[in-house]
Amino acid sequence: GADKEAEKRIIMADADALREDISELEVDLSKAMDWWITADIRYVSLLESAENKEGMYLKKLDNMQAEMKSGLASKEAQIAKLGAGKEADKRILMAEAEALRMDIASLEA
(Lines give C-alpha, C1' and ligand atoms only; values in the text may rest on other atoms or scores of the structure.)
Protein backbone atom coordinates (compact mmCIF):
# COMPACT_ATOMS: atom_id res chain seq x y z
CA GLY A 1 0.00 0.00 0.00
CA ALA A 2 2.22 2.77 1.36
CA ASP A 3 5.20 1.82 -0.84
CA LYS A 4 3.01 1.78 -3.93
CA GLU A 5 1.55 5.17 -2.93
CA ALA A 6 5.05 6.67 -2.50
CA GLU A 7 6.17 5.20 -5.84
CA LYS A 8 3.07 6.63 -7.49
CA ARG A 9 3.81 10.12 -6.04
CA ILE A 10 7.42 9.94 -7.31
CA ILE A 11 6.24 8.98 -10.81
CA MET A 12 3.62 11.78 -10.76
CA ALA A 13 6.27 14.31 -9.66
CA ASP A 14 8.58 13.11 -12.47
CA ALA A 15 5.73 13.46 -14.97
CA ASP A 16 4.98 17.00 -13.72
CA ALA A 17 8.66 17.93 -14.02
CA LEU A 18 8.68 16.56 -17.59
CA ARG A 19 5.52 18.55 -18.44
CA GLU A 20 7.24 21.73 -17.16
CA ASP A 21 10.36 20.97 -19.22
CA ILE A 22 8.20 20.40 -22.28
CA SER A 23 6.31 23.67 -21.87
CA GLU A 24 9.63 25.55 -21.39
CA LEU A 25 10.93 23.91 -24.57
CA GLU A 26 7.74 24.94 -26.41
CA VAL A 27 8.31 28.56 -25.32
CA ASP A 28 11.96 28.37 -26.46
CA LEU A 29 10.88 26.83 -29.76
CA SER A 30 8.29 29.56 -30.28
CA LYS A 31 10.95 32.26 -29.63
CA ALA A 32 13.35 30.52 -32.01
CA MET A 33 10.67 30.39 -34.71
CA ASP A 34 9.91 34.10 -34.24
CA TRP A 35 13.63 34.89 -34.49
CA TRP A 36 13.98 32.74 -37.60
CA ILE A 37 11.02 34.41 -39.31
CA THR A 38 12.44 37.86 -38.47
CA ALA A 39 15.89 36.86 -39.74
CA ASP A 40 14.35 35.50 -42.94
CA ILE A 41 12.40 38.73 -43.53
CA ARG A 42 15.57 40.80 -42.97
CA TYR A 43 17.53 38.54 -45.36
CA VAL A 44 14.91 38.93 -48.08
CA SER A 45 14.80 42.72 -47.70
CA LEU A 46 18.63 42.96 -47.77
CA LEU A 47 18.66 40.82 -50.89
CA GLU A 48 16.06 43.05 -52.58
CA SER A 49 18.03 46.14 -51.59
CA ALA A 50 21.23 44.69 -53.07
CA GLU A 51 19.41 43.77 -56.30
CA ASN A 52 17.97 47.30 -56.55
CA LYS A 53 21.43 48.85 -56.07
CA GLU A 54 22.89 46.51 -58.67
CA GLY A 55 20.10 47.42 -61.09
CA MET A 56 20.70 51.15 -60.54
CA TYR A 57 24.44 50.67 -61.03
CA LEU A 58 23.93 48.73 -64.28
CA LYS A 59 21.50 51.40 -65.53
CA LYS A 60 24.05 54.13 -64.71
CA LEU A 61 26.72 52.14 -66.57
CA ASP A 62 24.40 51.75 -69.59
CA ASN A 63 23.71 55.51 -69.57
CA MET A 64 27.45 56.31 -69.42
CA GLN A 65 28.05 53.93 -72.30
CA ALA A 66 25.22 55.46 -74.34
CA GLU A 67 26.61 58.98 -73.75
CA MET A 68 30.10 57.84 -74.80
CA LYS A 69 28.75 56.15 -77.94
CA SER A 70 26.79 59.25 -78.95
CA GLY A 71 29.90 61.38 -78.26
CA LEU A 72 31.91 59.02 -80.43
CA ALA A 73 29.31 59.19 -83.22
CA SER A 74 29.41 63.00 -83.22
CA LYS A 75 33.25 63.00 -83.25
CA GLU A 76 33.23 60.57 -86.17
CA ALA A 77 30.75 62.84 -87.97
CA GLN A 78 33.05 65.84 -87.35
CA ILE A 79 36.02 63.85 -88.68
CA ALA A 80 34.11 62.91 -91.81
CA LYS A 81 33.14 66.57 -92.44
CA LEU A 82 36.68 67.91 -92.11
CA GLY A 83 38.47 68.43 -95.37
CA ALA A 84 42.09 67.61 -96.13
CA GLY A 85 43.16 71.14 -95.12
CA LYS A 86 42.22 70.50 -91.51
CA GLU A 87 44.59 67.53 -91.02
CA ALA A 88 45.76 68.63 -87.52
CA ASP A 89 42.17 69.13 -86.29
CA LYS A 90 41.26 65.80 -87.83
CA ARG A 91 44.11 64.00 -85.99
CA ILE A 92 43.03 65.53 -82.64
CA LEU A 93 39.43 64.43 -83.20
CA MET A 94 40.57 60.96 -84.27
CA ALA A 95 42.67 60.62 -81.09
CA GLU A 96 39.68 61.70 -78.98
CA ALA A 97 37.45 59.24 -80.83
CA GLU A 98 39.97 56.44 -80.24
CA ALA A 99 40.11 57.30 -76.51
CA LEU A 100 36.30 57.11 -76.39
CA ARG A 101 36.34 53.74 -78.20
CA MET A 102 38.80 52.42 -75.59
CA ASP A 103 36.62 53.72 -72.72
CA ILE A 104 33.57 52.04 -74.23
CA ALA A 105 35.47 48.78 -74.71
CA SER A 106 36.65 48.84 -71.08
CA LEU A 107 33.03 49.33 -69.92
CA GLU A 108 31.87 46.41 -72.03
CA ALA A 109 34.63 44.13 -70.72
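**A first tour**

Mentor: Let's start with I37, which counts as partly exposed because its relative accessibility is 45% (buried means under 20% relative accessible area, exposed over 50%, partly exposed in between, with a 1.4 Å probe and protein chains only). Keep in mind that this is a predicted model, where local features need pLDDT of at least 70 and side-chain atom pairs count only at pLDDT 80 or more, while totals for chains, interfaces and linings use all residues. Residues are numbered from 1 along each chain as its sequence is written, and side-chain values use heavy atoms, leaving out hydrogens and water.

Trainee: Which helix is I37 found in?

Mentor: The protein chain has two helices and zero strands. Helices (H or I, at least four residues) and strands (E, at least two) are DSSP runs, numbered from the N terminus. I37 belongs to the one covering residues 2–81, helix α1.

Trainee: What radius of gyration does the protein chain have?

Mentor: Picture the box first: the C-alpha atoms fill roughly 125 × 15 × 10 Å along the principal axes. A compact globule of 109 residues would come out near 13 Å (the radius is taken over C-alpha atoms, and the globule rule is 2.2 Å times the number of residues to the power 0.38). The protein chain instead has 38 Å.

Trainee: How far apart in space are A73 and A2?

Mentor: A73 lies in helix α1. In sequence, A73 and A2 are 71 residues apart. In space, C-alpha to C-alpha, the separation is 105 Å.

Trainee: Which residue forms a salt bridge with E108?

Mentor: Side chains of opposite charge can pair when their charged atoms come close. The rule for a salt bridge is a side-chain nitrogen of Lys or Arg within 4 Å of a carboxyl oxygen of Asp or Glu. For E108, the closest N and O atoms are 3.2 Å apart, and the partner is K69.

Trainee: Where do E76 and R101 lie?

Mentor: Their side chains meet in a salt bridge, at 2.6 Å from N to O. This pair links distant parts of the chain, 25 residues apart: E76 is in helix α1 and R101 in helix α2.
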